[in-house]
There are 2 protein chains.
Amino acid sequence: MSDAKTDLIRIAYLGPPGTFTEQAAVLFASEHARSEFVPFPSITASAEAAARGEVDVAVVPFENSLAGAVGETHDLLIHQLDLNICDELIIPIEHCLIVAPNADMSEIRAIYSHPQALGQCQRYLNRRFPDARTEATLSTAQAVGRAVELGDFTAAIAPRRAAQLHNARILEIGIEDDHRNATRFVVLAHRDRAPTGDDKSTILFSTANRPGALLRVLQHFADADINLTRIESRPARERLGTYLFLIDCDGHRNDPALADALQRMEPDLEQLRIIGSYPKAPRP
Amino acid sequence: MSDAKTDLIRIAYLGPPGTFTEQAAVLFASEHARSEFVPFPSITASAEAAARGEVDVAVVPFENSLAGAVGETHDLLIHQLDLNICDELIIPIEHCLIVAPNADMSEIRAIYSHPQALGQCQRYLNRRFPDARTEATLSTAQAVGRAVELGDFTAAIAPRRAAQLHNARILEIGIEDDHRNATRFVVLAHRDRAPTGDDKSTILFSTANRPGALLRVLQHFADADINLTRIESRPARERLGTYLFLIDCDGHRNDPALADALQRMEPDLEQLRIIGSYPKAPRP
């Protein structure tokens, strides 16, 4: 990724335009003078474009305050691509019920959306449309396309921007079950960032196969007074019951406290990779 | 759930017939003389039926050796339903490429499956069908229905049993990228199980908001020599950055070692719920 604020930055994201990921990409681009947005059909395809250098960065969803970790992104970082996290963005998630402009809405029979969005509006759907069928699509934007195409008796759940892009009609705003719903996006690139003084780090490790190894690793963070903001276990893909750990902690990998702690925990680790150190996003 | 081996047991599962969940339900039923299978359109609907007592148990996917935790099941147990885990089952996951019996397969343009199955066959798909479109369905069984309905140039990814149930044709067996792929299913009911001597427990907790609380909780398990087989963090649904922990450990909650350890860690906990103690499944 380019640090010069005047350079053109090419940003891959999960398209089509109108997704929450595009919204995060637009927020990221606001720090750069010139940007170009390149939509991809999947999280994986957008990250692979960054890995191959076809774009400068990929903006991808990382975790949601209700649904938890985005598995596809975690597995790409852990198992497939040698990319760093160079930034994070936090986007509040607001869902709308969206229909074709002149469609007959006397009854809603089918509701299209991405499975995660359907999950985030489940109580609303059960209450308002107990008899409607829900249909999974690959993105919320695709769901709006489907609803506009099918017309009568069909609705989509998607962000406001998707309705605007498809000239569709918003029937209701803010239908998510929990209004504290926010998604943390990360920006993937070939390198991370220089220290800013208010940074965090994402670290991947597996523990040596000895009893209490995870405990000792966490003890090293505590001894160094390093605040852990997240610990996530992911399958090691060896057999059921073996895991890797992904930790977010305060500080930059160049900070002496973190660098020393990482060195001290080495005997308890089988694998260690610093996925990135990057500035903390402001909370929304 | 009924312990008497001659009683009829009613088992809810994620249908339609032909899903991996049905396969797990059939395995669970083999311990009972008489069983009845009740398909539901979602994991949530099947678990809610068990919570309401319309069925005796619900068999639901819990974690996969490649994709990790099944979010919907975890969130049901954590946030919505007061059900126990009374058993676990481990099913090896084998995917097939399935098509309509007499369809033209000179070219495959669209491939339907559940997003998790598409993910588990991603490298195969990229290699064999780089130009095919992938379409998400709500179950692997539904994907086969779609492929049979659409016919020419269309395939589905699903287990072998789904092909049999739809009289569809299996083009290829074992197309999953990783043959160590297995899913752990759990059986949900209104109570868990008496000790068998080889049990495990699933425990949900949140730590008091004090530095190092998680570390002290893990220390209590280590001090009691209790082996943790899994630690999973899930969003607490308060705000981004607050988590609950779900731990699997060896032993039954009635075992003195585990009962004592749980009592000793109480000052460091804000919330504690034993989701269940149940016999360990044999590894496949």
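Which residue with positive phi follows α2(B)? Hold that thought; the answer is in point 5.

1. Some ground rules. This is a predicted model, where local features need pLDDT of at least 70, side-chain atom pairs count only at pLDDT 80 or more, and totals for chains, interfaces and linings use all residues. Residues are numbered from 1 along each chain as its sequence is written, while chains are lettered from A and ligands numbered from 1 in the order in which they are written.

2. The interface. Chain A puts 35 residues into the contact and chain B puts in 34; two residues are in contact if their C-beta atoms, placed from the backbone, lie within 7 Å. On the chain A side, β13(A) gives the most, with 7 residues. Helices (H or I, at least four residues) and strands (E, at least two) are DSSP runs, numbered from the N terminus. By class, that side of chain A has 15 nonpolar, 10 polar and 10 charged residues. Here Ala, Val, Leu, Ile, Met, Phe, Trp, Tyr, Cys and Pro count as nonpolar, Asp, Glu, Lys and Arg as charged, and the others, Gly among them, as polar.

3. Domains of chain A. The assignment, automatic or from a database, gives domain 1 (8–92 + 181–189), domain 2 (96–173) and domain 3 (199–276).

4. Helix α2 of chain B. This helix covers residues 43–52, and its buried residues include B:I43, B:A47 and B:E48 (buried means 20 or more other C-beta atoms within 10 Å of the residue's own, with C-beta atoms placed from the backbone). Among the elements covering them are β1, β3 and β11 of chain B. Back to the opening question: B:G53 follows the helix, with a phi near 85°.

5. A sheet in chain B. Four strands form an open antiparallel sheet in the order β13-β14-β12-β15, where strands pair if DSSP finds at least two bridges between them. Its edge strands are β13 and β15 of chain B. Inside it, β12(B) and β14(B) pair over 6 bridges, and B:T202 stands opposite B:D248 in β14(B).

Definitions and conventions: Buried ≥ 20, exposed ≤ 12 C-beta atoms within 10 Å, placed from the backbone.
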